[in-house]
Amino acid sequence: DGIASGFALGELLKARTGASYTLAHGGVLGRAENRAMVRLLKIPLVPFQRIDPSEFDVVALVDTQPAHGNHRVTHDVVAGKKVVCLDHHPARTQIEEIAADYADIGGDYGATSTMLTCYLDAAHVPLEQDVATALFYGIKSDTRDLGREVGAVDVWAYQHLIEHTDMALVSQIEHPRLPRGYFATLSHAVRKARCVGEVVACD
């Protein structure tokens, strides 16, 4: 959801203002589905440590918030810059929270991808197939196929995106090729699993 939303926001700003953007992520791009989405849709995602924050005028947090703690955007990174925050999760507060110049947080959304679909529609930006496919998968995965925390706007966005989405690529994203090591790790985890009542735990 976060990757798709960041991609859509960048393309929205590029379409409306001509601005360039860099889509960065912290940590490891671990899920095979996320790696497949980035590769198949050619999403220009780079590790955060490879960028120089001083080269940017605006920093946008997407599918997260300043106080969330799961990103690398600190006070030093945003010093002297405009900050944008778009997130479907309920608002979080924290002492010394980074102030956003523009924030759209919470609301009746099951995914941040739904929010960006609304933004693109309101801005009359034509849906490119790669962006639509990313947003469709973002909604699909974050709401578990419209089965979790879904509002009417999520259903609208899902249906709105279908005609612009490459469903064959969605299938490839959902069922990516996995390396042999994945199955070795899974086998190891199953063998080491411990049952406590109705709970199964493994490292």
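Okay, so by salt bridge I mean a side-chain nitrogen of Lys or Arg within 4 Å of a carboxyl oxygen of Asp or Glu. With that in hand, look at Glu-11 and Lys-14: their side chains meet in a salt bridge, 3.4 Å from N to O. The two sit three residues apart in helix H1, residues 2–17, so about one helical turn separates them.

Quick word on confidence, since this is a predicted model. Mean pLDDT for the chain is 91, and 94% of its residues reach 70 or more. Helix H4, residues 112–122, has the highest mean among the elements, at 98, while helix H3, residues 75–78, has the lowest, at 75.

Back to the charges. The count comes to four salt bridges. One of them pairs Arg-31 with Glu-33, at 3.6 Å. Another is Glu-174 with Lys-140, where the closest N and O atoms are 2.6 Å apart. That pair ties distant parts of the chain together, helix H7 to helix H5, 34 residues apart. Lys-140 is buried, at 13% relative accessible area, whereas Glu-174 is partly exposed at 26%. And through shared partners, Lys-140, Glu-174 and Asp-145 join into one network.

Now, which side chain of opposite charge is nearest to Asp-142? Asp-142 is in helix H5 too, and the answer is Arg-148, 4.4 Å away. The cut-off is 4 Å, so Asp-142 stays buried without a salt bridge.

Last stop, the surface. Leu-178, Tyr-182, Phe-183, Leu-186 and Val-190 make a nonpolar patch with about 470 Å² of accessible area together. Leu-178 itself lies in the loop between helices H7 and H8.

Methods. Residues are numbered from 1 along each chain as its sequence is written. This is a predicted model: local features need pLDDT of at least 70, side-chain atom pairs count only at pLDDT 80 or more; totals for chains, interfaces and linings use all residues. Side-chain values use heavy atoms; hydrogens and water are left out. Helices (H or I, at least four residues) and strands (E, at least two) are DSSP runs, numbered from the N terminus. Buried means under 20% relative accessible area, exposed over 50%, partly exposed in between (1.4 Å probe, protein chains only). Lys and Arg count as positive and Asp and Glu as negative; His and the chain ends are not counted. Patches are made of residues with over 30% relative accessible area and no salt bridge: like charges are joined within 9 Å, nonpolar side chains (Val, Leu, Ile, Met, Phe, Trp, Tyr) within 5 Å. Accessible areas come from the Shrake-Rupley method with a 1.4 Å probe; for residues, only the protein chains shown count as cover. pLDDT is the predictor's confidence in each residue, from 0 to 100.
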